[in-house]
Amino acid sequence: EKISQFVQAYRQVIALIEQREPELRSAQTQAEALQIEQDIETAAIATIEATGLTGPEYLQLLGLANTDAELSQRIVTQLEETE
């Protein structure tokens with residue numbers, strides 16, 4: 001269940017970042033870029049929580065996916081199945 005929630009959140013967070021990236025790159029000042037980054041982070045947290053995960057759970061699963069080959073493979077498999 002948590003892996004499914006993670007996969008759903010991961011897809012949505014990546015889409016959010018990709019959507020806002022041009023805006024971030026075109027920021028005129030460091031302050032403007034920082035504000036956009038904070039907006040992205042706030043939206044990402046809301047997106048993650050909407051899937052039923054907490055921010056810390058998402059980050060924990062993301063960290064585990066980078067260090068646990070079996071978990072990483074399960075996540076990749078689910079990502080491929082839901083494309």
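Student: What pattern does the protein follow along the sequence?
Tutor: The model is a predicted one. It contains four helices and zero strands. The pattern is α-α-α-α.

Student: In which helix is the confidence of the prediction lowest?
Tutor: The protein averages a pLDDT of 95, and 100% of the residues score at least 70. Helix α2 has the highest confidence, at 97. The lowest confidence, at a mean of 93, belongs to helix α4 (residues 69-81).

Student: How are α1 and α2 oriented, roughly parallel or roughly antiparallel?
Tutor: Helix α1 (residues 2-25) and helix α2 (residues 30-50) pack with their axes 10 Å apart, at an angle of about 165°. Angles over 145 degrees count as roughly antiparallel. The orientation of α1 to α2 is therefore roughly antiparallel.

Student: How many residues of the contact of α1 with α2 are nonpolar?
Tutor: From α1, the contact draws on residues including Ala9, Val13, Leu16, Ile17 and Leu24, and from α2 on residues including Ala33, Ile36, Ile40, Ala43 and Ile48. Gln12 of α1 and Thr47 of α2 also take part, as do Arg20 and Glu23 of α1 and Glu37 and Asp39 of α2. By class, two residues are polar and four are charged, and the number of nonpolar residues is eleven.

Student: How is α1 oriented to α3?
Tutor: Helix α3 (residues 55-67) packs against α1 with the axes 10 Å apart, at an angle of about 95°. Angles of 65 to 115 degrees count as roughly perpendicular. The orientation of α1 to α3 is therefore roughly perpendicular.

Student: Which residues form the aromatic cluster?
Tutor: The contact of α1 with α3 includes Phe6 and Tyr10 of α1 and Tyr58 of α3. That contact has seven nonpolar, no polar and two charged residues. A search of the whole structure finds two aromatic pairs. The residues of the one cluster are Phe6, Tyr10 and Tyr58.

Student: Is the crossing of α3 and α4 left-handed or right-handed?
Tutor: The axes of α3 and α4 come within 6 Å and cross at roughly 110°. That makes α3 roughly perpendicular to α4. The crossing in which α3 passes α4 is left-handed.

Student: How many charged residues are in the contact of α3 with α4?
Tutor: The contact is made by Leu61, Leu64, Ala65 and Thr67 of α3 together with Ala69, Leu71, Ser72 and Ile75 of α4. Six of these residues are nonpolar and two are polar.

Technical notes:
Residues numbered from 1 in each chain as written. Predicted model: local features only at pLDDT ≥ 70, side-chain atom pairs only at ≥ 80, totals over all residues. Heavy atoms only, no water. Axes fitted to C-alpha atoms, helices over the stretch in contact; angles between N-to-C directions. Helix = DSSP H or I, 4+ residues; strand = E, 2+ residues; numbered from the N terminus. Parallel < 35°, antiparallel > 145°, perpendicular 65-115°, else oblique. Contact = heavy atoms within 4.5 Å. Nonpolar A, V, L, I, M, F, W, Y, C, P; charged D, E, K, R; others polar. Phe/Tyr/Trp six-rings, centres within 6.5 Å; stacked < 30°, edge-to-face > 60°. pLDDT = per-residue confidence, 0-100. Left-handed = near helix turned anticlockwise from the far one by under 90°.
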